[in-house]
Amino acid sequence: MVTWNEFVWFALPAMLLWIAAGTLVYTKIQRRLIDLLMLAGIAVFVLFIVGMWISLERPPMRTMGETRLWYSFFLSVIGFLTYKNWKYNWLLSFSSLMACVFVCINLFKPEIHSKNLMPALQSIWFVPHVTSYILSYALLGAATIASFIQIKKQSKGLADQKLYQLMDNLVYAGFGFLMLGLLMGCVWAKEAWGHYWSWDPKETWAFITAAAYLMYIHMRLRRWHPTFTLWLLPIAFILLMITWIGVNYLPSAQGSIHVYS
Amino acid sequence: MWQFPWRYPESIALVFGLLVVGSVLQIFAGPFDFTLLLWPVNGIVGAVIVLLSVLLAVKRKNPLVQWLSGVPMAVALIGGLLILGIFMGLTPQLAHIHPGDKSLGTALGFRQMTTSWPFVILYLLLLLSLGTLIARRLFSFRKADYAFYLNHIGLWLLLFASGLGASDMKRYVMYVREGDTEWRVYNADGEALELPIAIRLNDFIMEEYPPQLAVIDRQSGHAQPEQHPEYLQLDEKPVTGKIDAWDLSVEEYIHEAVRNSDSTYRRVAMPGATPAVLIHAKNRHTGKTAQGWVCGGSTAQLLMTLPLDDTYTVVMTRPDPKRFISDIDVFTEDGAQGHTRLEVNKPYRVKHWMIYQYGYDTEAGKLSSYSSMELVYDPWVIAVYVGILLLAAGSVCMLWMGNRRKEESDGDVE
Ligand code: HEM
């Protein structure tokens, strides 16, 4: 039985491996070894997720703590893949670090969860909806990191065209998953509650977040106001965090249908 | 400003101006009345927007048309809606405004944003701008632009059908007692109406998850430990666990139990049966032990707790619902009849109505004598689904092709 009590025995090795990969990448060490360290960390982490899934007898996607597991997982995987593709060392270190931050939150502020899935959540849309969102959060998180680096470069007057290309690809892919998650949510809501969109606080904030990324996507089509355009990404990411975590604490969300446990 | 080509300043000025005009209208005319848009009016408004878009797109070399359907206008409009969205996301949205509420936020429509003039005006202009853009790009059709068409046509359809179509939607709740047939429903204002659909509730069935155990302070009723209450999740299989200083182990768990005269429990599957558990508890510090049955009780059965010492006692939480099912027969005026087992996430279609499992008497839980169902009439839903499908296909394109556009030159390439 794998439960949260065993988490630390998976979390520590995974974090050690990730951090090792994220630091050694700056040395002359063989690239193959970096890949191995990173993949080993991911494998350890996957083992825990699979174990939880089996012992909970449902996908571990319901509580905050459980979704953070996926966030760490996707951050490490996507960070690794984009690093392989674009050869940016900082991408590997940053995504490793971010993945570790979410692991640490789960270690120090775990939320003890019941394994009971309420009837509205028992749907085939549940897993793809949540997976799609978490994937998009990870991609957009990576894009935000890239935007800070670009802002710095731009303030020195030399924006990096290759970095722009990476950022845009991350945002396009992240936004694609964001929309897919949203649309699946609509279909699911229609099935469960009779309406696909009811301007519930969580839905309202999802709308706000999507609007912010749309502004970035469209502003990037022209070259006007590059600094404002770049700053849209950190702003959009803050809005995304409000949608994901903050909504539960807003006065407007008391009685929201999307606040579980 | 106001020198062609118009870009951001002019677009922002227009959006801002419309927000001001909308607010003035809101204050003097009250909220936008969506019942004005009942079919066929919404169809006519939609046709006008499409016609106007096509006409404007014919004049696509005109700088005003390029501005209306260009990137800066798109960004300004999306930005305007984003700001209204933030107001909406921070202010609790109310189904009913209290007549005595004279605050500025309420007067400006913040408490019912989707029916406020500023929101409706920006929404309509977005439909026109997006419509003109689509028409303009369709006039110079290129197959390579399929992702653009999927995203923008999908979104236009979705926005149009869900917004202008909203007034045609009808949602009612029906309460049916077990064994009864009902055709009266209630709207959001609590007014009763009669529908050409009747529903008979043959049976209401509910399954529950095994509940949890908690240790509470008998005086205050607070679950222990006070700051971070711990719970032991029960299961059909015996479990062990710890709460605070107590090690708990389950000796027997009965999901549907009825109390015997000697305060033990036996397995009986009958209405009013509740979970009961025989546990053994031991305090890790004092070595004190306790053993006995714990039961959460129901409207038909008393609860049972297990005292641990003078202060603390073990109690059972209310079980969470696993699924609830209404076994119903549905009748329509023309004599058609259907039978289904209605469940959350499994609605049932009759003619143009969808029937959803809605609720039950949560106090009585399993013993609820009625079930409530929501009846929804939504004639635009097909258009919404087509929009969702197109947009989903567009999202997949975004996923795998990323931004293929080369950096544009500084000029506006239209
Ligand atoms: C889900 C929503 C949307 C997505 C995914 C999206 C995506 C895109 C993409 C990828 C492009 C560049 C591709 C190309 O030009 O071929 C584009 C262009 C554009 N979009 Fe959107 N968009 C969305 C909504 C909107 C909205 C609401 C507007 C508002 C009117 C808008 C206005 C424009 C404009 C004006 C262009 C430039 C077209 C041109 O240069 O000819 N888009 N959009």
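Modeller: Of the 414 residues in chain B, 46% are buried, where buried means under 20% relative accessible area, exposed over 50% and partly exposed in between (1.4 Å probe, protein chains only). This is a predicted model, in which local features need pLDDT of at least 70 and side-chain atom pairs count only at pLDDT 80 or more, while totals for chains, interfaces and linings use all residues. Residues are numbered from 1 along each chain as its sequence is written, chains are lettered from A and ligands numbered from 1 in the order in which they are written, and side-chain values use heavy atoms, leaving out hydrogens and water.

Chain B contains 8 helices and 17 strands; these are DSSP runs numbered from the N terminus, with helices being H or I of at least four residues and strands E of at least two. Its radius of gyration is 30 Å, well over the 22 Å from the globule rule for 414 residues, so chain B is more spread out than a compact globule. That radius is taken over C-alpha atoms, and the rule is 2.2 Å times the number of residues to the power 0.38. Along the principal axes, the C-alpha atoms of chain B fill a box of roughly 90 × 60 × 50 Å. Among contacts in chain B between residues at least 6 apart in sequence, 59% join residues at least 24 apart, a contact being heavy atoms within 4.5 Å. The accessible surface of chain B is about 21100 Å², with 61% belonging to carbon and sulfur atoms; areas come from the Shrake-Rupley method with a 1.4 Å probe, and for residues only the protein chains shown count as cover. Chain B carries 35 positive and 42 negative side chains, and the centres of the two sets lie 8 Å apart. Lys and Arg count as positive, Asp and Glu as negative, with His and the chain ends not counted; each charge is placed at NZ of Lys, CZ of Arg, CG of Asp or CD of Glu.

S395(B) is buried, at a relative accessible area of 2%.

Now the partner. Chain A has 8 helices and 0 strands. Its radius of gyration is 19 Å, close to the 18 Å that the globule rule gives for 261 residues, so chain A is as compact as a globular protein of that length. Of the 261 residues of chain A, 62% count as buried.

The largest nonpolar core has 149 residues, and those with the most contacts inside it are W18(A), F45(A), Y71(A) and Y213(A). Such a core is a set of buried Ala, Val, Leu, Ile, Met, Phe, Trp, Tyr and Cys residues joined through side-chain atoms within 4.5 Å. Helix α6 (residues 161-193) of chain A supplies the largest share of this core, 20 residues. Apart from this core lies another, of 22 residues, among them Y172(B), I197(B), I355(B) and M373(B).
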